Amino acid sequence: MNIVDIKEIAIRRRKLGLTQVKLSEESKVSQSLIAKLESGKINPSYSVVVSIEKALDRLEQKEKPKAFVLANKNIVFVNSKNKIEKAVGIMRKQGISQIPVIDRGRVVGSISERSIITNENYGKKDFHNEKISKVMGEAFPILPRSVGVDTVSQVLRYSSAVLLSEKGKIVGIITKT
């Protein structure tokens with residue numbers, strides 16, 4: 001929570017479409033005190049400002065879009081014991097460039113076009129029959145289903161994809177594209 005200029009309270013309240021009464025209910029601060037504060041008639045105590053700020057922060061978080069709405073819910077994955085040719089076939093068919101590797105319900109890595117073609121054995125005879133475990137990279141980060149878009153966009157700066165989970169199960173994937 002960042003303490004802001006008292007004048008910002010009315011601006012933030014209006015941006016959220018809140019009445020003074022609704023902000024009063026959410027912050028447990030009387031509506032008349034909010035009205036006096038917004039009009040500049042009083043200097044509120046620190047505890048009053050903190051109560052209002054916490055309520056506004058909480059309500060603003062509710063308003064932010066959730067990443068799950070952007071996620072692909074049809075998650076394609078492979079097992080580390082599958083052959084590389086299976087992953088390549090899936091990527092071609094699905095028009096994707098990376099896939100999570102999941103063993104027994106647990107994310108253990110990822111495989112991508114890049115991890116395949118940059119492998120030292122790429123192009124050698126029977127390379128396509130090798131197990132995915134030989135070329136897989138790090139697992140994609142896993143975030144809760146309820147995470148906001150802004151958090152996912154920060155994580156995507158360092159990872160090519162993010163998995164979303166709910167109750168220990170992967171329920172979505174978001175890639176940079």
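The model is a predicted one, in which local features need pLDDT of at least 70 and side-chain atom pairs count only at pLDDT 80 or more, while totals for chains, interfaces and linings use all residues. Residues are numbered from 1 along each chain as its sequence is written, and side-chain values use heavy atoms, with hydrogens and water left out.

The protein contains seven helices and five strands; here helices (H or I, at least four residues) and strands (E, at least two) are DSSP runs, numbered from the N terminus. Read from the N terminus, the order of elements is α-α-α-α-α-β-β-α-β-α-β-β. Along the principal axes, the C-alpha trace spans about 80 × 25 × 25 Å. The radius of gyration is 24 Å, whereas a compact globule of 177 residues would have a value near 16 Å. That radius is taken over C-alpha atoms, and the globule rule is 2.2 Å times the number of residues to the power 0.38. Of the 177 residues, 38% count as buried. Buried means under 20% relative accessible area, exposed means over 50%, and partly exposed lies in between (1.4 Å probe, protein chains only). The accessible areas themselves come from the Shrake-Rupley method with a 1.4 Å probe, and for residues only the protein chains shown count as cover.

Charged pairs come next. Side chains of opposite charge can pair when their charged atoms come close. The structure holds seven salt bridges, a salt bridge being a side-chain nitrogen of Lys or Arg within 4 Å of a carboxyl oxygen of Asp or Glu. One of them joins the side chains of Arg 12 and Glu 53, with an N to O distance of 2.8 Å. This pair links distant parts of the chain, since Arg 12 belongs to helix H1 (residues 7–15) and Glu 53 to helix H4 (residues 46–63), 41 residues apart. Both Arg 12 and Glu 53 are buried. Arg 12 also forms a salt bridge with Glu 60, where the closest N and O atoms are 2.7 Å apart. Here again distant parts of the chain are linked, from Arg 12 in helix H1 to Glu 60 in helix H4, 48 residues apart. Arg 12 counts as buried because its relative accessibility is 10%, while Glu 60, with a relative accessible area of 25%, is partly exposed.

Another salt bridge is found within a single helix. The side chains of Lys 22 and Glu 26 meet at 3.2 Å, N to O. Both residues lie in helix H2 (residues 20–27), four residues apart, which is about one turn of the helix. Lys 22 counts as partly exposed at 35% relative accessibility, and Glu 26 is likewise partly exposed, with a relative accessible area of 21%. Elsewhere, salt bridges that share partners join Arg 12, Glu 53, Asp 57 and Glu 60 into one network.

On the surface, Lys 81, Arg 104, Lys 131 and Lys 134 gather in a patch of positive charge. Such patches are made of residues with over 30% relative accessible area and no salt bridge; like charges are joined within 9 Å, and nonpolar side chains (Val, Leu, Ile, Met, Phe, Trp, Tyr) within 5 Å. Lys and Arg count as positive and Asp and Glu as negative, whereas His and the chain ends are not counted. The place of a charge is taken as NZ of Lys, CZ of Arg, CG of Asp or CD of Glu.

Arg 104, a member of this patch, is located in the loop between strand E1 (98–103) and strand E2 (106–112). Arg 104 counts as exposed because its relative accessibility is 83%. Most residues other than glycine have a negative phi. Arg 104, although not a glycine, has a positive phi of about 50°. Lys 167, also not a glycine, has a positive phi of about 55°. Lys 167 is found in the loop between strand E4 (161–166) and strand E5 (169–175), and with a relative accessible area of 84% Lys 167 is exposed.

Leu 143 is part of strand E3 (residues 142–144) and counts as buried at 16% relative accessibility. Leu 143 and Ser 165 are 22 residues apart in sequence, and their C-alpha atoms are 6.2 Å apart in space. Ile 75 is placed in the loop between H4 and helix H5 (84–94), and at 17% relative accessibility Ile 75 counts as buried. The C-alpha atoms of Ile 75 and Glu 130, which are 55 residues apart along the chain, are separated by 23 Å.
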